[in-house]
Amino acid sequence: MTAIDDFDPQLQTIHLSMLKELIGEPVSEVEQEGNYYVTYTDSANYKVVFVFECAWIDPHPRLNMYTG
């Protein structure tokens, strides 16, 4: 399995609500270690995890990175 991580500073212009509006509801959302992990998958081949700022601090958290 190959993973790609993206930490581009421009990612911080994307908010959780924007992602959900564009892609839909994720398969899971987990608050852990000060981050908010949002996972999308096709259940067969692909899995992408978006890592947002803590959702408890900001109800519209910004994207920090994603990995897939």
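Apart from neighbours within four places in sequence, tyrosine 36 is in contact with Leu16, Glu29, Val30, Glu31, Phe50, Val51, Phe52, Glu53 and Ala55, where contact means heavy atoms within 4.5 Å. The structure is a predicted model, in which local features need pLDDT of at least 70, side-chain atom pairs count only at pLDDT 80 or more, and totals for chains, interfaces and linings use all residues. Residues are numbered from 1 along each chain as its sequence is written, and side-chain values use heavy atoms, with hydrogens and water left out.

Tyrosine 36 is placed in strand S3; helices (H or I, at least four residues) and strands (E, at least two) are DSSP runs, numbered from the N terminus. The side chain of tyrosine 36 also makes a polar contact with the side chain of glutamate 29, at 2.6 Å. Such a contact is a pair of N or O atoms within 3.5 Å; within protein, one must be able to donate a hydrogen and the other to accept it, and residues adjacent in sequence count only if both atoms are side-chain atoms.

The next topic is accessibility. Buried means under 20% relative accessible area, exposed over 50%, and partly exposed in between (1.4 Å probe, protein chains only).

| Residue | Relative accessibility | Class |
|---|---|---|
| Tyrosine 36 | 14% | buried |
| Threonine 39 | 10% | buried |
| Tyrosine 40 | 11% | buried |
| Phenylalanine 50 | 11% | buried |
| Tyrosine 66 | 27% | partly exposed |

In soluble globular proteins, nonpolar side chains tend to be buried together. Here the largest nonpolar core has nine residues: Leu11, Leu16, Leu19, Tyr36, Val38, Tyr40, Phe50, Phe52 and Leu63. Helix H1 (16-23), strand S3 (35-41) and strand S4 (47-53) each supply at least two residues of this core, and S3 gives the most, with three. A nonpolar core is a set of buried Ala, Val, Leu, Ile, Met, Phe, Trp, Tyr and Cys residues joined through side-chain atoms within 4.5 Å.

Aromatic rings of Phe, Tyr and Trp (its six-membered ring) pair if their centres lie within 6.5 Å; planes under 30 degrees apart count as stacked, over 60 as edge-to-face and the rest as tilted. Two aromatic pairs are counted by this rule. The rings of tyrosine 40 and phenylalanine 50 have centres 5.9 Å apart and planes at 85°, so this pair is edge-to-face. Tyrosine 40 lies in strand S3 and phenylalanine 50 in strand S4, so the pair ties together parts ten residues apart in sequence. The rings of phenylalanine 50 and tyrosine 66 have centres 5.9 Å apart and planes at 40°, so this pair is tilted. Ring pairs link Tyr40, Phe50 and Tyr66 into a cluster.
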